Structure formats: C-alpha cells, structure tokens
Amino acid sequence: MKRIITLIAAVLMTMTMKAQAPQMLGESHAIQKIGVTSKYLLLPVQEKEEIANIRVIVNNEQRQSFNVKLAVDKVDYYVPVDIKRFGSESILLDINFHGDRRSTGAIKDFACWKEMKQSNEFDTTNRERFRPTYHHTPTYGWMNDPNGMFYKDGVYHLYYQWNPYGSQWENMTWGHSSSRDLIHWEAQPTAIEADALGTIFSGSCVVDKKNDRVVAFYTSAGQNQVQSMAVSKDNGVTFQKNPTNPILTSNDPDFRDPKAFWNPEIQKWNLILAVGQEMRIYSSSNLKDWTYESSFGKGYGNHDGVWECPDLMKLQVRGTDKQKWMLICNINPGGPFGGSATQYFVGEFDGKKFTCEHKDTRWMDYGKDHYATVTFDNAPDGRRIALAWMSNWQYANQVPTQQFRSANSVPRDLNLFEYKGETYCSVTPSKELLALRGKKVKKPTQTCEIVVDTKGKTEIELSNTKGEKVIMNYDAQNHTFSMDRNKSGDTSFSEAFPFVTVAPTYGDIHQLRIFIDNCSIEAFDAEGKMAMTNLVFPSEPYTMIKVKGGKATIYDIKN
C-alpha cells in the first residue's frame, strides 16, 4: 500500500510540475518550469516570427542555450529538445523573445505555451514532396555547409552545419551522417555542439594514421571567430574537444573554415583558412601548433563577397603525366549569377606558398545552387570526391520546404584538364552514381538520369501538364550550355530564383548527363568540362521531354 501511495504521489507531483503556467517577467521575458516526464520536449515553431532565446537551467546552472522561433499564432512544425540528458526531474526554461510586442501581442497569449509538449519519440518520417531521394539531407532542420568529410575503414563520414531547432539558419552545430556508397546515408548522433567559445562553424577532419585517430578542426563563433580542434578515437562518432582551445586566433572579423591535410611533399600538415577576402596557409608537425606561412588572394579571382570554405589539393592533369595544385575558394556574394558560388585557382604549392598561374575568375559550377564545396580526406584510390551545399544564400531560408531545408549535391570527382593551353577543373559525377541506374524508361520521372548524346546544337525541354518547364541549350558554335528555370514551377519565394544560368563548355560536348531528383537538376558534360546545379520546385514532376539535335536515354533511379 505504501508503494502505491508513493507512486500516486509521484504521478501527481509530475502532473503538477508539468502543468505549471509560465511566469511572465516582462513584456519580452518569461520563465517556464517543466517536469521531465519524457525524453523530448517538443517546441512549437512558427517561422515568420522573430527568434526567442531559451536558456535551459538545471539546479541553478545553465546547461544549454539556443534560439528558436516559438509559435505566436500557429504551429508550423515541432523541434525536439532532449531533456532527459540533463538527468533531472525538472528543468527551468528562461525565455527572452526578440520580436516587437506591438505587432505580436502580449506574450501570455502566445500559442507556444499551450502547444509545448513532451514525448518519448520524435517523428522524422518524411513529410516533404520536395525531399530528394538519392541526395543527402538532414532528417529534419536546417543544413548548410558540408564539414569534416573523411573516409575510414570503408565508411564515408559527412558532417554538416546544422540547426536542430528549426529549418532556418541558427544554432550552428555539426550534424553527422555516414555512408558506405556515397548515396545511401544514415543519420548519426550530433557530433560537436556549441560551448563557451561559441557555436560550431565550418571546418574539416583529418585521419591521423600515425596516432589512429580522427582530428576535427572547426571555427568557434562567439564574439569573435577562433579556431578549435577536437579528437575522436572511435572513427568520428564522438569527439573530445581540446582543453586548451582555441588553437588559432586573429583580430580579423571573418576568420574561419579551417581545412587541414597531410602534405607528403613536406612531411607536415598544412592548414588553409578563409580570412576576409584572402586565404592564409599554415603548417604543423603535430596538428596542434601551427606556423603561419603565407597568404593568397590579392589580385586574383572574384572579391565581391567574403571568401569561405577553402580546400587545397594536388590533382592529375588528365591525359598527361603532369600534376598541379588547385585551391577551392567559395564566395558569398559574388557568384556568376548572384549570391553564393564556388571559384577555384590552379597553380603550384610548395607547402608554404600557393602560386596561381592564371588571372581570370573560374567557377567550378555555373548553376545558382552549388556552394561550400569541399572534398573528403583520405578518400580511397587517391580520389578527390567533392560535395557541395545545394542552395544559394539569396533564398536558402525561404525555399518551399519546412521539415528540412537544403540537400547536398551528388558526389563529384575532381581532376584537371587542358584546353587551349590553360588548365581547368574537371567535374564528373562520381562512379557510385552508375549503380543507381535502373531500367530504361520512355518518360522522365521525378528521380531519373537522362543521358543526351548531342549532335551539335541541342535543346532539351523538360515539362509537366501544368505548363511548368526547364529548358537547357547546348550552343555548339559558341561553346556554351544554359539552363532556364524561369517557368520551372514555384519561384514566388524569391525574386532572385527565376534565372537563366550559362556556362562555358571549353570545347565540344558529345554527351550530357542530367540528374533529376524531386527539387534539383544537375547537368554535366560527361567528360567533366562543365557542371551546372539548379534547384526547381515544380507543382508536379516533369514527365515530358523534347530533344532537338540529340538523342536522350532515360534511366529510372533504383534506390
């Protein structure tokens, strides 16, 4: 009987704690006591609202702080907070709203108080018709730059800039997914979370074979940006942060995105950092103590925006016995058609200084939706496999999805080719994509690969019964390829979205490979001389195709 009474008392106490009303401390400030009865606290989000800052307090100590757009009028979706992790029977939420109360009303009337709830599960079943089938996406929430990519023991690891508390940019954390084939991705637990130094911006991982560990380098974004490191001894599942972080500091406001790699030519590690509108190069013997070597950027490439997400690698020049170095430099804004894009530089690198051999600006991809491109460390067979963030900062927060926002591009292999005495970046779809080819079909589907054998000037029109269409043109005389998405479907969310993108082809195109996946079209010259990545949001799939000046073979995607 005593045990039954105790259980009843415990249940009543939990119900009371759970039912406590929020206490309003001001027109923008409230506290909410929560009795922990389940694993997750589900927070209601309304995307049009301003952010609210939530501090999770346990036993008078702050255990977590994050921003979320709490619902004022209606709930767009929920995001989970793992409250069991705090190991307490109750928590206190200290909430500061940043919105204008004159337009949103009194906080006591906000929908979030009634809609907040607890659950032992968070449903990540796909609710989005635009979610890609064979591209990597987060199960929920916002994603931008790919981070820390490496290959080890048969597994590709992809980390990414992630907001676990909404589908717009905020609360930068390293999410984590893994794959054995670069196509099928499995969600893993969160890898690196914010700390006293700041939120976790972009960076890289290296496989330190000598010490059998994986080392991550990332930007800690607090009041200023500094560089930090963390070590994993379980193949990148968990990381222990270096207790003496930061390892690099600067008084420059834009100081971020460290990319480290082993350089066998100098038997040392190199690290390249984006700083304002230049790249800074460092060297190290132990991955902890870094020596500044040189800077690159002045007088080269596009400088219309901030330089970000660098990568530096040695590549084979196709069809020759030559090798050259290529430096990847992502920039925002400044892309060839507005917003963000990936430029690159070809030249020589001696472990200390990068010397570029050309003065013109060169883009790796001529679509609107290809950014933050970086490559996998330790990829098999010496390959340089790249992934990009498949969006554009001009409208990434507004694209018409809510459960998640943004995907990665298909994997691409990088090398170099020569044209008219100059050396350019070659981008080809990774060989793993061939395994996706299913049966040949007569009509396009929402997930397919279209191979077009060109015969000089070629026009390809994809369309649906709603009159929505995408038109691609290969101009053999002027050596250009274009994609027109002005009438591709929903373009209403941004004036910057309707566009015609145009790429040079550096010679003749004999075959095009076009990958379609619900909300994206990626077109490649089969020989790697041209790549173009664009998002599309049709109201129904493109099921009709017209080809002039070429022959199309359509493969269904088996996934």
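Biologist: How many helices and strands does the protein have?

Modeller: This is a predicted model, in which local features need pLDDT of at least 70 and side-chain atom pairs count only at pLDDT 80 or more, while totals for chains, interfaces and linings use all residues. Residues are numbered from 1 along each chain as its sequence is written, and side-chain values use heavy atoms, with hydrogens and water left out. Helices (H or I, at least four residues) and strands (E, at least two) are DSSP runs, numbered from the N terminus. The protein has three helices and 39 strands.

Biologist: What radius of gyration does the protein have?

Modeller: The C-alpha trace spans about 85 × 60 × 50 Å along its principal axes. The radius of gyration is taken over C-alpha atoms, and the globule rule is 2.2 Å times the number of residues to the power 0.38. For 559 residues a compact globule would be near 24 Å, and this agrees with the protein's value of 25 Å.

Biologist: Which are the edge strands of the sheet that contains β13 and β16?

Modeller: This open sheet has four strands in the order β13-β14-β15-β16, with antiparallel pairing; two strands pair if DSSP finds at least two bridges between them. Strand β15 (residues 225-232) is joined to β16 by two bridges, and Val231 has Gln240 of β16 as its bridge partner. Each edge strand pairs on one side only, and these are β13 (199-208) and β16 (240-241).

Biologist: Is Ile91 buried or exposed?

Modeller: Ile91 sits in strand β7 (residues 90-97). Leaving aside neighbours within four places in sequence, its contacts (heavy atoms within 4.5 Å) include Ile34, Val36, Val56, Val58 and Phe86. Relative accessible area decides the class: under 20% is buried, over 50% exposed, and in between partly exposed (1.4 Å probe, protein chains only). With a relative accessibility of 3%, Ile91 is buried.

Biologist: What is the relative accessible area of Ser488?

Modeller: Ser488 belongs to the loop between β34 (480-484) and β35 (500-504). Not counting residues up to four places away in sequence, Ser488 touches Glu468, Lys469 and Val470, as well as Phe497, Val536, Phe537, Pro538 and Tyr542. Ser488 counts as buried because its relative accessible area is 0%.

Biologist: Leu182 and Asp381 both have a positive phi; what is the relative accessibility of Asp381?

Modeller: Most residues other than glycine have a negative phi. Leu182, with phi about 70 degrees, is in the loop between β11 (173-179) and β12 (186-192) and is buried at 2%. Asp381, with phi about 60 degrees, lies in the loop between β26 (371-375) and β27 (385-389). Asp381 counts as exposed, since its relative accessibility is 71%.

Biologist: How far apart are the centres of the positive and negative side chains?

Modeller: Lys and Arg count as positive, Asp and Glu as negative, and His and the chain ends are not counted. Each charge is placed at NZ of Lys, CZ of Arg, CG of Asp or CD of Glu. The protein has 65 positive and 65 negative side chains, and the centres of the two sets are separated by 3 Å.
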